[in-house]
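Subject: Structure handover

Hello,

Here is the structure I promised to pass on. Please open it alongside this email and keep both in view.

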Amino acid sequence: DGRALFQLEKLTENTYSVRTHGELDREEQPSYSLTLIASDQGEMKRSTSSLFELHLIDVNDCAPTFEQS
């Protein structure tokens, strides 16, 4: 649908939350690398960045199936 999978949501003036726009499936992609960049609007602009590694764990989302004998 064209939306980014991850998005920042502003909680307060200085606090944000990273949210997803859907389910993450470990079988499709087991990990994600996110780089967050913060910068100010001063005359001498400053910025910093942090790399976050998100590793998914498996949930038994597929029930077992058995052949009838």
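Below is what was found, starting with the whole chain and ending with single residues.

This is a predicted model, so local features need pLDDT of at least 70 and side-chain atom pairs count only at pLDDT 80 or more, while totals for chains, interfaces and linings use all residues. Residues are numbered from 1 along each chain as its sequence is written, and side-chain values use heavy atoms, with hydrogens and water left out.

Overall fold

The chain has zero helices and four strands. From the N terminus, the order is β-β-β-β. The radius of gyration is 19 Å, well over the 11 Å that the globule rule gives for 69 residues, so the chain is more spread out than a compact globule. The radius is taken over C-alpha atoms, and the rule is 2.2 Å times the number of residues to the power 0.38. Along its principal axes, the C-alpha trace spans about 75 × 20 × 20 Å. Helices (H or I, at least four residues) and strands (E, at least two) are DSSP runs, numbered from the N terminus.

Burial and contacts

Of the 69 residues in the chain, 6% are buried. Buried means under 20% relative accessible area, exposed means over 50%, and partly exposed lies in between (1.4 Å probe, protein chains only). The chain exposes about 6,700 Å², and carbon and sulfur atoms supply 49% of that. Areas come from the Shrake-Rupley method with a 1.4 Å probe; for residues, only the protein chains shown count as cover. Among contacts with a separation of 6 or more, 28% are between residues 24 or more positions apart. A contact means heavy atoms within 4.5 Å.

The aromatic pair

A search of the whole structure gives one aromatic pair. For the cut-offs: rings of Phe, Tyr and Trp (its six-membered ring) pair if their centres lie within 6.5 Å, and planes under 30 degrees apart count as stacked, over 60 as edge-to-face and the rest as tilted. Phe6 counts as buried because its relative accessibility is 19%. Tyr32 is buried too, at 12%.

Salt bridges

Side chains of opposite charge can pair when their charged atoms come close. How many salt bridges does a search of the whole structure find? It finds three. The term means a side-chain nitrogen of Lys or Arg within 4 Å of a carboxyl oxygen of Asp or Glu.

- Arg19 and Glu9: the closest N and O atoms are 3.6 Å apart. Arg19 lies in strand S2 (residues 15-20) and Glu9 in strand S1, so the pair ties together parts that are 10 residues apart in sequence. Arg19 is partly exposed at 44%, and Glu9 is partly exposed at 33%.
- Glu13 and Lys10: N to O, 3.8 Å. Glu13 is exposed at 61%, whereas Lys10 is partly exposed at 46%.
- Glu27 and Arg26: N to O, 3.7 Å. Glu27 is partly exposed at 48%. Arg26 is also partly exposed, at 31%.

Two residues to look at

Glu9 touches Thr15, Tyr16, Ser17 and Arg19, leaving aside residues up to four places away in sequence. Its C-alpha atom is 10.0 Å from that of Thr20, 11 residues apart along the chain.

Arg26 sits in the loop between S2 and S3. With residues up to four places away in sequence again left out, Arg26 touches Leu56, Ile57 and Asp58. Arg26 and Leu56 are 30 residues apart in sequence but 5.7 Å apart in space, C-alpha to C-alpha.

Surface patch

Leu8, Tyr16, Val18, Leu36 and Phe52 form a nonpolar patch on the surface. Together they have about 460 Å² of accessible area. Patches are made of residues with over 30% relative accessible area and no salt bridge; like charges are joined within 9 Å, and nonpolar side chains (Val, Leu, Ile, Met, Phe, Trp, Tyr) within 5 Å.

Best wishes
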